[in-house]
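Please walk me through this structure in plain steps. I am new to reading protein models.

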Amino acid sequence: MNSPITVSILNEQIKSLLETTFSNVYVEGEISNLTYHNSGHIYFSIKDEKSNISCVMFRGNAKNLRFRLEVGQKVIISGSLTVYVPRGNYQLLCTNIEPSGTGALALAYEQLKTKLQIKGYFDRSIKKTLPKFPKKIYVTTSNTGAAIEDMKKVLSNRYPLCEMILVPSLVQGEGSKESIVRAIEYIDKTAKDENDALLIVGRGGGSIEDLWSFNEECVADAIYNAKIPIISAVGHESDFVISDFVADIRASTPSNAIEISTPNLNDLRLYLDSISSDISEKVAYIIKHKEQKLLFLKDSFSKYSLDKKFELVQQNIIQTKRNLKYTYTQLLRRKQEEIDSFEKVFSLNEPSKKDKKGFVQLTKDEHIIDINAVDIDDIVYLESSTCKIGCKVVTKKSYKSV
């Protein structure tokens, strides 16, 4: 009969057998019982419809994980089996985890995008306005890439009045995200009192792995917390990274960032010419208007001056004298005519003319008339100085003059 072995020996033998047999495991399952430990280790289980297995991913491998694990997420795990001898438990030691059916980078991108959107990093209301006429453009990118040379060329041709200040940073590979964050924080601190400055964060084109530094949360935090206006200019027009959504403005390329952030000097020259022309026309109009107003005031002053008033009074006096003389003359004429009329009537009615024997004065309706003006049946009067006789004409006979 064989001698019994201890529990510890049995677990050691199982450990040796399992770790030797299952040194390279490739398994798919659904995440459950997920715990992110303060130490940096990740503890969870994966399961299918019938069973589950405990898993652990230690900090050294977890820091390379491109996305965040979530309960219910289906993943593919590369690793090996290990046994914890004191308890006799076995678990899957994970060295790499990929999302099932979706690339790790794509999933990490969507996870971070959703997270930052919920935190309000993308809100349009918090976006800062670029200075209209910048004096300084800070740029953080690689100092050896083609992007910075293209930006210098565009700026020189478009708006040479602006100064470009390069703060170099790594834009891909290990340490690049930390390098970009340091550059953003340094520039933001340096330009904190400059109201006419902006920052361009970016690089030229590349693969998703090359551009990944701009999809890191620490870079997004640095852009979000910066006080200086920031343009994200990463890759080509078709490339979209997290920094594009967090920045105040996204440019399709680094060169496009210069075009967005600066005016065109030639357009400014045309604009200044237009302003100069408008000012000249307005000044000419104002001068002409003031001249007309001055002439009007001068004319008004001359009309209402004391000399003009005295002249007007003098003219009124002269006119009044003329009117008075004319009125007086007319009055005298009328009175003279009345006197003449009275004299005529008096002369006709003079008593001495009525007393000649055989002669009387013939009147009708109180007027002296000629006998030839008398008609049959007229009532006429025969008058002398002592008598007045009313008569009715009965007959009338005219004599032909010889």
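Strand 11 (residues 361-364) and strand 12 run antiparallel and are joined by 2 bridges. Two strands count as paired if DSSP finds at least two bridges between them. Strands here are DSSP runs of E with at least two residues, helices are runs of H or I with at least four, and both are numbered from the N terminus. This is a predicted model, in which local features need pLDDT of at least 70 and side-chain atom pairs count only at pLDDT 80 or more, while totals for chains, interfaces and linings use all residues. Residues are numbered from 1 along each chain as its sequence is written, and side-chain values use heavy atoms, with hydrogens and water left out.

Lys-364 stands opposite His-367 in strand 12. The hairpin of strand 11 and strand 12 has 2 residues between the strands. In this hairpin, Asp-365 takes a positive phi near 55°.

Strand 11 also pairs with strand 13 (residues 379-383), in the antiparallel sense, over 3 bridges. Here Gln-361 has Glu-383 of strand 13 as its bridge partner. Now put the pieces together.

Next, turn to a pair of helices. Helix 4 (residues 146-158) and helix 8 (residues 254-261) have axes that come within 8 Å and cross at roughly 30°. The axes are lines fitted to C-alpha atoms, for helices over the stretch in contact, and angles run from 0 to 180 degrees between N-to-C directions. That crossing makes helix 4 roughly parallel to helix 8, a term for angles under 35 degrees.

Which residues in helix 4 and helix 8 meet? From helix 4 come Ala-147, Asp-150, Met-151, Val-154, Leu-155 and Arg-158. They meet Pro-254, Ser-255, Ile-258 and Glu-259 in helix 8. Contact means heavy atoms within 4.5 Å.

Is helix 8 mostly covered or uncovered? Helix 8 is mostly covered, with 6 of its 8 residues buried. Buried means under 20% relative accessible area, with a 1.4 Å probe and protein chains only. Among the buried residues are Asn-256, Ala-257 and Ser-261. Their cover includes helix 4, strand 6 (136-140) and strand 7 (163-166).

Key: Angles under 35 degrees count as roughly parallel, over 145 as roughly antiparallel, 65 to 115 as roughly perpendicular and the rest as oblique. Buried means under 20% relative accessible area, exposed over 50%, partly exposed in between (1.4 Å probe, protein chains only).
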